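Visitor: Could you take me through the contact between the chains, one question at a time?

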Amino acid sequence: KINRDQKFHSMTFSTTLLIDPRIRDWVLFPIVFVMFLVGLLRHYVTVWMKSDPKVEEKNLKEGQILIRARILREHANHIPLRAVTERKKLFCAEEGGLLRAKPDAPNPMSMMMDPNNMTEMMKKNMMMIVPNIGMMGWLSFFYSGFVIAKFPFPLTSRFRGMLQRGVELQTLDVTYVTSLSMYFFTLFALRGVFSLVLGEHNEADEAQAMQNQMGAMGATGQGMDVGKAFQAEIENMELIDHRFALADAEHALLAINPSVLG
Amino acid sequence: KFVSVNLNSMSSTCQTKLPDDPKEWEQLTRQQCIEILREIRVNPVRKPALVYFCGLKLLNESASSLGSEIWAIYEQLTIAAIDTHELENAAYFVLKLRSRFPHSQRVERLRAMIKEAEGNFEQALRIYRKILRETPCDRAAHHRIVAVEKARGNRQGAIELLHEYLKVNQTDEDSYYELMDLYIAEGNMRKAAYCCEELILHEPHNYYTMLKYAEILYTLGGSDSLKLARKYYCNSVRLNESTANIRAVYGLWQTCKAIKANQNNDKENNEVLAWVEKRLKALQPQAPDVAAMLK
């Protein structure tokens, strides 16, 4: 990225900057090194702070009932009709049927207030926000006002505001970037390094963590509505069309040659 | 560890790699021992003597070069030692595990299992109940308590405990399997059939589950039950035609004979009976005793 030889292939309207090698030594390497260390630290602290997921017995039961109902629907044909009817009654009986139990009305607010969830979310957010803000503050304090590198790929001038914060030159090639933009670039680049060093699913992976958070919000938002899921299962139960899969078991057997062992 | 028949691996893929003959064990290299132990961790089978041998060999020869894998090996060794009744060694392994993982429930469970093996059921139960107070939904602790009651001969108690457990954990296959066995031992075939139906719902193409269900139906007796049993036996044979499943062929034969005793001229039954007799003759080299019963 340091381009002392740039003068041989500069573009028509750009100036080639010769960047002091001391910037490389005292800015570029330290930034990368510190970010790497911060990422490692974040990973180990998150692992250390992780608590086991507490399973609520009631939620567990409701989830299990749904799974069991689904399994019944899928494979009802393999057990006799009498057994299927018995289980349908177990699930859908007006009085005391497993799917008739009224689960608590899902309340997004109560979900947030749930103390376990709160602390988990807080911890996750802390581990993401604090290092980020810390790093950015440190960078802006020490390393603002000059360019440190030239990105090797062409960029449009729309990126100027983002990549050259602090350097108010309209004519400078956008590929010359400040340390802050170097920070963002390295952030994503280090993901690959972390997966090498810490293995897959490491806690230093920010983009992954953000994705997980999005996914988790979506899933819990839906899974909370157990009452509706129970209703849907009751309706599905009515639709079970039992065709005994073993009705022709003897014929299937007779089709096998008894003298040839499988 | 809750030990049950590994429903999925009657013909387990790992059997080809595990040396069963103790005479072969002396020639196992260090790397082979490590791989055997890994294989057993991934596809659990109960081979305590082999695990014990490999584990001890690794510990005695190259403990330091195993790195963090040694803790998994210690756990395996503890269970193998309990199985082979080397309880002092088991206690030693647990001590090492405890020094590394001082607040681990998993280690506590191993400690309790040693107490069970010694016969100190009350102490073992105390440890399991403590685990359950901290994590009320701990599957393994529930299973171990049932195992303790079973070991004490308290089948009714074990059945009740499993019932309570299954009210919440409604899809725990292993528990249904254990409950089915308990009911069969009690002679309550109706309820055993119910449990077996759950197992079939979980694994509709498992020849062994079909076989068990057929046997329960045959024991229940009565013409409807026998006809259903015949269907399930046929299905079991169809799912596993090898000689490993001669049990199903034998069961089918008995069922057909029982049906024939009531209705001599059921054409389908006679066809199946003829098929079975041919099959048993074909199996004669492997199972001469069964074939001899044909006469």
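**The interface of chain B and chain A**

Visitor: Which residue of chain B forms a salt bridge with A:R68, and how far apart are the closest N and O atoms?
Guide: This is a predicted model, and the distances here are computed from it. Between chain B and chain A the count is 6 salt bridges. One of them joins A:R68 to B:E198, and their closest N and O atoms are 2.7 Å apart.

Visitor: What area is buried between chain B and chain A?
Guide: The size of an interface is often given as the accessible area lost when the parts come together. The contact here draws 38 residues from chain A and 41 residues from chain B. In chain B, the residues that lose the most area to chain A are B:Q170, B:L201 and B:W275, together 19% of what that side buries. Carbon and sulfur atoms give 63% of the total, and the area buried between the two chains is about 3500 Å².

Visitor: Which element gives the largest share of the side of chain B that touches chain A?
Guide: The rule finds 15 residue pairs in polar contact across this interface. On the side of chain B, the elements that give two or more residues are α8, α10, α12 and α14. The largest share, 9 residues, comes from α12(B).

Visitor: Which element of chain A do the buried residues of α8(B) pack against?
Guide: The buried residues of α8(B) include B:I159, B:L162 and B:Y165. Within chain B, the buried residues of α8(B) pack against α7 and α9, while in chain A their partner is α2 (57-75).

Key: Residues are numbered from 1 along each chain as its sequence is written. Chains are lettered from A and ligands numbered from 1 in the order in which they are written. This is a predicted model: local features need pLDDT of at least 70, side-chain atom pairs count only at pLDDT 80 or more; totals for chains, interfaces and linings use all residues. Side-chain values use heavy atoms; hydrogens and water are left out. Contact means heavy atoms within 4.5 Å. Buried area is the accessible area (1.4 Å probe) that two parts lose on being put together, summed over both. A salt bridge is a side-chain nitrogen of Lys or Arg within 4 Å of a carboxyl oxygen of Asp or Glu. A polar contact is a pair of N or O atoms within 3.5 Å; within protein, one must be able to donate a hydrogen and the other to accept it, and residues adjacent in sequence count only if both atoms are side-chain atoms. Helices (H or I, at least four residues) and strands (E, at least two) are DSSP runs, numbered from the N terminus. Buried means under 20% relative accessible area, exposed over 50%, partly exposed in between (1.4 Å probe, protein chains only).
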